[in-house]
Amino acid sequence: MKRVRTTAGVLGAGAALLLACGLGVPAATALPAPERTAPQSAAANPCTSAAADSGRRVAGALPRAEVHRQLDAQAERHRAARELPGKGPVGAPGDGSRLKVDIHPAQGTAFKEAAGRDGACATHTVSREVDVTEGSTTIYTPTLYPAGGSCIELVTVYTQGRATVSAWDWCKSVNFEASVPIDDAFLAAYTDGSSAYTGRVVRTDAGSNTWTASLYNHTTGAWDEVFTQSGQTQGRNDGWDIYELYSTTDASNVAYSCHAMAGLTFESSNISVRTDGQWAAASPDNSDTHYDQPDSAFYCPGRSYSMVNQYDHWKAVG
């Protein structure tokens with residue numbers, strides 16, 4: 001079986017599964033710490049606002065059967081074949097292309113494990129210009145998973161011919177279980193006019209370890225539910241808000257993901273961590289970059305990446 005080119009290391013004994021899609025040790029060289037700027041106001045940040053839950057499911061959500069058909073209908077067979085119990089490449093439905101992946105890099109904010117961690121939130125860019133033409137390329141950018149043993153990862157997913165915001169179940173099925181297409185209706189309700197949505201994942205019942213993923217509805221000013229799940233996580237107890245992808249490389253050793261994302265901006269801002277019900281901006285107190293891999297791991301010579309504000313805002317182009 002072809003080995004995936006990645007700088008990720010083996011996870012510790014407490015996390016034997018290749019979770020977070022197999023992400024592991026930090027890059028050999030870290031980016032210099034940028035000077036922190038003043039945090040954004042609560043009014044500009046739905047993550048820390050007093051907006052209520054709407055009690056409604058997110059508009060445009062796909063039926064569960066369609067989620068599986070589009071995103072991971074062959075999940076169990078492919079995970080077993082690659083010995084990857086975590087969230088791997090999707091591939092085109094039924095074509096086996098997810099077995100052909102060469103690279104799996106990531107960069108962004110990592111959330112530190114600590115007592116009381118119970119949520120994360122961020123504002124993520126979306127694009128309808130991402131052009132995935134090769135079946136094994138799967139782009140999870142940005143993707144959000146809170147520390148604290150969460151049942152849910154909220155993922156921006158780009159595959160061949162599709163773009164969605166989807167929820168990965170880390171507690172029961174270990175699979176995608178909810179999804180909403182990034183279409184005109186999504187952009188009208190869930191973005192603020194700048195092609196960015198705000199999503200959060202929070203623990204809603206500590207006794208049953210129940211977590212809920214929601215999107216902020218800019219039309220109603222409330223949070224609409226994407227997915228809820230409870231149980232024992234098969235994920236990790238730390239977390240992340242990162243730029244992540246799977247891809248193959250072409251004859252010139254450039255990743256097909258590089259072609260798909262060329263010239264496009266991918267950004268996560270307002271990155272926030274909740275501890276014992278209290279929100280705080282991602283910062284050196286609660287976050288670091290332990291999932292980062294070097295720029296060379298992306299096989300994309302024109303790509304640029306920066307941590308704009310440590311660690312509540314990162315940006316990549318291409």
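Visitor: Which ring face does Arg-200 lie over?
Guide: Start with the rule: a charge sits over a ring if NZ of Lys or CZ of Arg is within 6 Å of the ring centre and within 35 degrees of the ring normal. Here Arg-200 lies over the face of Trp-223, 4.2 Å from the ring centre. Arg-303 is another case: its charged end sits over the ring of Phe-298, at 3.6 Å from the centre.

Visitor: What should I know about the model itself?
Guide: This is a predicted model, in which local features need pLDDT of at least 70 and side-chain atom pairs count only at pLDDT 80 or more, while totals for chains, interfaces and linings use all residues. Residues are numbered from 1 along each chain as its sequence is written, and side-chain values use heavy atoms, with hydrogens and water left out.

Visitor: How many aromatic pairs are there?
Guide: A pair of aromatic rings is described by the distance of the centres and the angle of the planes. Rings of Phe, Tyr and Trp (its six-membered ring) pair if their centres lie within 6.5 Å; planes under 30 degrees apart are stacked, over 60 edge-to-face, and the rest tilted. By this rule there are 15 aromatic pairs. Take Tyr-140 and Tyr-246: the pair is edge-to-face, with 6.4 Å between centres and 90° between planes. The pair links distant parts of the chain, with Tyr-140 in strand 4 (residues 138–145) and Tyr-246 in strand 11 (residues 239–246), 106 residues apart. Strands (E, at least two residues) and helices (H or I, at least four) are DSSP runs, numbered from the N terminus.

Visitor: Is Tyr-140 buried or exposed?
Guide: Buried means under 20% relative accessible area, exposed over 50%, and partly exposed in between (1.4 Å probe, protein chains only). Tyr-140 has 0% relative accessibility, so Tyr-140 counts as buried. Tyr-246 is buried too, at 2%. Both residues belong to one aromatic cluster, whose other members include Trp-168, Trp-170 and Trp-240.

Visitor: Which residues have the most contacts inside the largest nonpolar core?
Guide: In soluble globular proteins, nonpolar side chains tend to be buried together. A nonpolar core is a set of buried Ala, Val, Leu, Ile, Met, Phe, Trp, Tyr and Cys residues joined through side-chain atoms within 4.5 Å. The largest one has 51 residues, and Tyr-158, Leu-215 and Val-226 have the most contacts inside it. A second, separate core has 19 residues, including Trp-168 and Trp-240.

Visitor: What does Tyr-158 touch?
Guide: Contact means heavy atoms within 4.5 Å. Setting aside residues up to four places away in sequence, Tyr-158 touches Val-126, Ile-139, Ile-182 and Phe-266, among others. Tyr-158 and Phe-266 are both buried.

Visitor: What does the side chain of Thr-191 reach?
Guide: A polar contact is a pair of N or O atoms within 3.5 Å; within protein, one must be able to donate a hydrogen and the other to accept it, and residues adjacent in sequence count only if both atoms are side-chain atoms. The side chain of Thr-191 reaches the backbone oxygen of Leu-187 at 2.5 Å. Thr-191 lies in the loop between helix 3 (184–190) and strand 8 (196–205). At 8% relative accessibility, Thr-191 is buried.

Visitor: How many disulfides does the structure hold?
Guide: A disulfide is a pair of cysteine sulfur atoms within 2.5 Å. The structure holds 3. Counting bonded cysteines along the chain, the pattern is 1-2, 3-4, 5-6. Cys-47 and Cys-121 form one of them, with sulfur atoms 2.0 Å apart. Their link is left-handed, with -80° about the S-S bond. Cys-47 lies in the segment before strand 1 (53–57) and Cys-121 in strand 3 (residues 117–125), so the pair ties together parts 74 residues apart in sequence.

Visitor: Where do the other disulfides sit?
Guide: Cys-151 is joined to Cys-171, S to S 2.0 Å. The torsion about that S-S bond is about -80°, so the disulfide is left-handed. Cys-258 and Cys-300 also form a disulfide, with sulfur atoms 2.2 Å apart. The link of Cys-258 and Cys-300 is right-handed, at 65° about the S-S bond. Cys-258 lies in helix 4 (residues 256–261), and Cys-300 in the loop between strand 14 (287–288) and strand 15 (304–309).
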